[in-house]
Amino acid sequence: MESIWEKTSDSKKRPALKSHIQADAVVIGAGMAGVLTAWHLQQAGVRTVVLEADRIGGGQTKNTTAKITSQHGMFCDTFIEKKGEETARKYVQANQAAVEEYKKIVREERIDCELTERDSYVYSMDWEKLKRETEAARKLGIGAALEEQIEVPVPCAGAVRFPGQAQFHPLKFIRALAESLTVYEDTQVTAVEENLVISSCGSVRADKIVFASHFPFINFPGMYFARMHQERSYVIALENAQEIRGMYIGDEKETLSFRQYGACLLLGGQAHRTGECREGGSYDRLKEAAKRMYPQSRVTACWSAQDCVTSDGIPFIGPYAAERPDWFVATGFQKWGMSSAMLSAMLLKDLICGIENPYTEIFAPSRFSAEEIPQLMKEGGKAVKGLTKRFFHLPAKTAESLPRGHGAVVETPQGKAGVYKKEDGKICQVDIVCPHMGCELAWNPQERSWDCPCHGSRFDCEGNLLDGPAQEGIGLY
């Protein structure tokens, strides 16, 4: 399914890497974080190359709702409680600086990406919580306001408003910015050895290496697979819905998000951990909500996104691991990929150029707190469950009993396998073991994909890789 950004933009294809080259820095991944990092490095005089497995912006960037905001849900009050006022203030300041940097780049580079300033709102049924959040945000330096009325038709007691945020067309922005960069598309990195980045069609030797590939695919050192999980969420674009000016997200578990793009209202929600969507129906539930709120509306596009989530809600931005001082990483953006991508670029540029940055320690991947212990235990439990399921889960179905248009883990003459039966009755049979770390995959009926519940890798019904950290498909057999 194409996002509204894909439907309303195009770009020239870049060639793949076909040789062995050298650079000052190489960035793995040409999503928003990778392109922004490369651009900032290039501006600082660092000769930088970007390697992209697909197309520029072809990963999670094309699936964002493209809100540029320092308001990351209802977070200020709890952030102060958990991390202290000084750390919370720096976190907010760093993200607000990222918002302002987008505005500056668009203005100075004259990029036509439909960037407009918008206020951002988080709504809730809990009035007292809203009051505490507003007071906390003001304490951290945000001119937040407590609003009793909002323009979206959801039950709530009110909302906290952050002024001066923004929204834009992410693909128009990233592709314009990448015009001045050396980017190789269709160049999947297969290995990294010291200062050498190896792809299927060439290599780059560089002094500094940046992993901006959404989920780091090198397991050791770093162990990011044990420190994060991935979640999916869904978006529909609506015509003939009430036009809104602000950007909205709810505080409750089953929350909805809203923003306007041209004549379309973008309605998002239905988040779940990757690999745990056994029943499907996410798009249907969003469409039902749209019909309740906007009876005359019509769906024009549907798409989904995937987000990496850290245990403490703070991205990992900085040195990859102590053992690899020339490697850097940007990951764990949760739902706030746009501000986090710019923040990553600004921090990594300073780190690589030896410039002191007041926000470095907050986002350092080397940080560890008591909050991470339950997360490590939980992620470890998920991995153990996924691994043992391969050996102890006995399929109840066979390929013959599977209805058309359905997929499941079934028993076959070759052993346990993943089978999807197409509408025409054709069988697609794949290996059910994720090549990343060996967990058993689960069928996602919503998107007709095989998803890893351990670390979030995804594959289409024919076994082709959709999302990492896996680096290869599972293949038909």
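Which residues does Q60 touch, not counting residues up to four places away in sequence? Select Q60 and look around the side chain. Q60 touches H214, A305, Q306 and D467. Here a contact means heavy atoms within 4.5 Å. Q60 is found in the loop between β2 (48–51) and β3 (67–68). Helices (H or I, at least four residues) and strands (E, at least two) are DSSP runs, numbered from the N terminus. Q60 and L238 are 178 residues apart in sequence and 21 Å apart in space, C-alpha to C-alpha.

Before moving on, two notes on reading the model. This is a predicted model, in which local features need pLDDT of at least 70, side-chain atom pairs count only at pLDDT 80 or more, and totals for chains, interfaces and linings use all residues. Residues are numbered from 1 along each chain as its sequence is written, and side-chain values use heavy atoms, with hydrogens and water left out.

**Stop 1: helix α5**

Select residues 127–139. This is helix α5, with 13 residues. From its first C-alpha to its last, α5 reaches 18 Å, close to the 18 Å expected at 1.5 Å a residue. The expected span is 1.5 Å times one less than the number of residues. Now colour L130, E133, T134, A136 and A137, which are buried. Buried means under 20% relative accessible area, exposed over 50%, and partly exposed in between (1.4 Å probe, protein chains only). The arc is that of the directions from the helix axis to the C-beta atoms. An α-helix has 3.6 residues a turn, so residues three or four places apart point the same way. What do the buried residues of α5 pack against? Show α3 (76–83), β4 (116–124), β5 (145–147) and β6 (158–167) to see their partners.

**Stop 2: helix α7**

Go to residues 282–293. The 12 residues of helix α7 should span 16 Å at 1.5 Å a residue, and its end C-alpha atoms are 17 Å apart, which agrees. Pick out S282, Y283, L286, A289, A290 and M293, which are buried in α7. Look down the axis of α7: its buried residues fall within an arc of 120°, so they line one face of the helix. They pack against β11 (228–239), β13 (256–261), β14 (264–273) and β15 (298–310).

**Stop 3: two crossing helices**

Show helix α4 (residues 85–109) and helix α8 (residues 337–353) together. Their axes come within 8 Å and cross at roughly 90°. Axes are lines fitted to C-alpha atoms, for helices over the stretch in contact, and angles run from 0 to 180 degrees between N-to-C directions. α4 and α8 are therefore roughly perpendicular to each other. Angles of 65 to 115 degrees count as roughly perpendicular, under 35 as roughly parallel, over 145 as roughly antiparallel, and the rest as oblique. From α4, the contact residues include A94, A98 and Y102. From α8, they include M338, M342 and M346.

Stay with α8. It is mostly covered: 13 of its 17 residues are buried. Just after α8, G354 takes a positive phi of about 70°.

**Stop 4: the cysteines**

Select C439 and C454. They form a disulfide, with their sulfur atoms 2.2 Å apart. A disulfide is a pair of cysteine sulfur atoms within 2.5 Å. The link of C439 and C454 is left-handed, with -100° about the S-S bond. C439 lies in the loop between β21 (427–430) and β22 (442–444), and C454 in the loop between β23 (449–451) and β24 (458–460). C439 and C454 are both buried.

Next, select C308. C308 counts as buried, at 2% relative accessibility.

**Stop 5**

Most residues other than glycine have a negative phi, and most peptide bonds are trans. Select F220 and P221: a cis peptide bond joins them, with omega about 0°. P221 is found in the loop between β10 (203–211) and β11. Then try G468 and P469, also joined by a cis peptide bond, with omega about 25°.

Finish with two phi values. E194 has a positive phi near 55°, in the loop between β8 (189–193) and β9 (196–199). N240 has a positive phi near 60°. Is N240 buried or exposed? N240 is exposed, with a relative accessible area of 55%.
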